[in-house]
Amino acid sequence: MRVHIPGALRRWTDGRDVVEVALAPEKGASAAEIIEALARAHPGIRDRVLDEQGELRRHVNIFIDGENARQLGGLDARVGAGSEMWIHPALSGGAR
Amino acid sequence: MSAHANGVKFSPAAGDLLLMVGTAKGAFLLLSDSRRADFKVSGPHFPGQSVWSLALVNDNNPRILAGNKSNHWGAMVSWSDDFGATWNEPTEGNIKFPRGSGAALNAVWALEASTALGADVVLAGVDPAAMFRSDDRGETFRLNEALFNHPDRPKWNPGFGGLCLHTLLVHPREPQRMYAAISSGGIYRSDDGGDSWNPCVNGLRVHPDVPGATLCPHKMRFDAENPSRMYLQNHPGVYRTDNDARSWVTIENGLPSDFGFPMVAHPRRGGTIYNFPLVSDEFRVPRDGAPRVWRSRDAGATWQALGRGLPDRAGFFTVLRDAFCADTLEPVGLYFGTRGGQLYGSNDEGESWRALAEFLPPVLCVKSALVA
């Protein structure tokens, strides 16, 4: 599967905007497991996407094949071997 | 490592004055020689991020520390060993609560470096309220468990700024004694280097309109000559202690109000302090739109308004608790930043003021240091 990296985090992926994560086709994985796999290769990613309790940061969104993971079970959302996953800064604002 | 500056590079000489200004959308560094006539400005550093705290590890290998926060990607302590030309952001978060504790770092409100604890020690005060300690000049930190697990913790409540530990003071001669101030949680003293903490709220009055007011210190400072004496701007009330915070007495008589955020002590002259009163808890602006710095030279017995150069009308800005500081030159310089983005400075101990910058993002903190 492929993970699309937002511009702000590409310094932690050597500038790459897409990172491949190998996944056994029959098993799939959770979004959390994909982030952990991503972080093993690119350690700066994890703490910027997840807080220290392992929760997705409030103003970060993950989309899996076009669907917001928050509507798919959050970090438990299933990811298939052919999936595309996007990490996005949320559209938040108004206060500052 | 990344460069965030506007291309201005500093090469300070010993004795130069460095002002470090944290704002809601980045940090700015201002550098002057000791005359303080002209300031070079670099920044914004961390553009788009809020910078809640700044400090200088001030020895032969100077290091600027920043408590920067991205609203998307989290908060951390970053550092620069070249006066802001480049910054090191930790690959993994360097201030983290233990897994399973339920707490997650929101912001780094306080960074204290170059204290009597040693040149390599940095203390961090954070939201949610906790103290972290670094022994490697701010690169890695560990949680102070005694304060984090204090039995009073269930009584602490977040204010508009979160549940922040915003002030850490280390006794200059007895570094095992330290103080932590939490909004709203209260003032705590440790006499054993942080192994245990005891509340210090005797004498702080209960306010009929503000339940929990005794537990909401806004800023606390040591007296320049007698560290058993300290000064406190509380949520409502201005106080002094003469006995290591065992009890507090009110010193607000003569001030236009008992509400404000900062408290600043003269760096050499005992009994001289500065305050920035606001109308009230409900209306957090200077009275009549005429901002004034109020000074006492007798430990709070009497107060004088200082404001030459400050607006006489339509000056409805707020100065936050960490946005007012003094330098250590002669005469002492004073600096404050506003939520409106102005940065004011005084080269004559507060008698007169001028704008050093007028259109910054909202100012969260202002710190000064003479480069070693």
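Predicted model: local features only at pLDDT ≥ 70, side-chain atom pairs only at ≥ 80, totals over all residues.
Local features are reported at pLDDT of at least 70 and side-chain atom pairs at pLDDT 80 or more, while totals for chains, interfaces and linings use all residues. Residues are numbered from 1 along each chain as its sequence is written, and chains are lettered from A and ligands numbered from 1 in the order in which they are written.

Read from the N terminus, the elements follow the pattern β-β-β-α-α-β-β-β-β. The radius of gyration of chain A, 13 Å, is close to the 12 Å that the globule rule gives for 96 residues, so the chain is as compact as a globular protein of that length. That radius is taken over C-alpha atoms, and the rule is 2.2 Å times the number of residues to the power 0.38. The C-alpha trace of chain A spans about 45 × 30 × 25 Å along its principal axes.

How much of chain A is buried? Of its 96 residues, 31% are, with burial judged by counting other C-beta atoms within 10 Å of a residue's own (20 or more for buried, 12 or fewer for exposed, partly exposed in between; C-beta atoms are placed from the backbone). Among the contacts in chain A with a separation of 6 or more, 54% link residues 24 or more positions apart; a contact here means that the C-beta atoms of two residues, placed from the backbone, lie within 7 Å.

Where chain A meets chain B, the contact takes 16 residues from chain A and 15 residues from chain B. The chain A side splits into 5 nonpolar, 4 polar and 7 charged residues. In this sorting Ala, Val, Leu, Ile, Met, Phe, Trp, Tyr, Cys and Pro are nonpolar, Asp, Glu, Lys and Arg are charged, and the others, Gly among them, are polar.

Chain B is assigned two stretches, domain 1 (1-91) and domain 2 (92-370), with bounds that come from an automatic or database domain assignment. The contact between them draws 37 residues from domain 1 and 39 residues from domain 2. On the domain 1 side, strands S1 (17-23), S2 (26-32), S4 (50-57), S5 (63-70) and S6 (74-80) of chain B each supply at least two residues. S4(B) gives the most, with 8 residues. That side of domain 1 holds 21 nonpolar, 11 polar and 5 charged residues. The centres of the two domains, taken over C-alpha atoms, are 21 Å apart.

Further along chain B comes an open sheet of 4 strands in the order S15-S16-S17-S18, with antiparallel pairing; two strands pair if DSSP finds at least two bridges between them. S15 and S18 (249-250) are the edge strands, each pairing on one side only. Strand S16 (residues 230-234) has 5 of its 5 residues buried, so it is largely enclosed by the rest of the structure. B:Met230, B:Leu232 and B:Asn234 point one way from S16(B), while B:Tyr231 and B:Gln233 point the other way. S16(B) pairs with S15 (residues 217-222) over 5 bridges, with B:Arg221 opposite B:Tyr231 and B:Met220 opposite B:Leu232. It pairs with S17 (residues 238-241) over 4 bridges, and there B:Met230 has B:Thr241 as its bridge partner. The hairpin of S16(B) and S17(B) has 3 residues between the strands, and B:Gly237 takes a positive phi near 115° in it.

Most residues other than glycine have a negative phi, and most peptide bonds are trans. A cis peptide bond joins B:Gly43 and B:Pro44, with omega about 5°; B:Pro44 sits in strand S3 (residues 40-45) of chain B. Another cis bond runs from B:Asp127 to B:Pro128, with omega near 0°. A:Asp65 has a positive phi near 50° and lies in the loop between S4 (60-64) and S5 (67-68) of chain A, where it is partly exposed, with 14 other C-beta atoms within 10 Å. B:Ala314 also has a positive phi, near 55°. This residue belongs to the loop between S22 (304-306) and S23 (324-326) of chain B and is exposed, with 9 other C-beta atoms within 10 Å.
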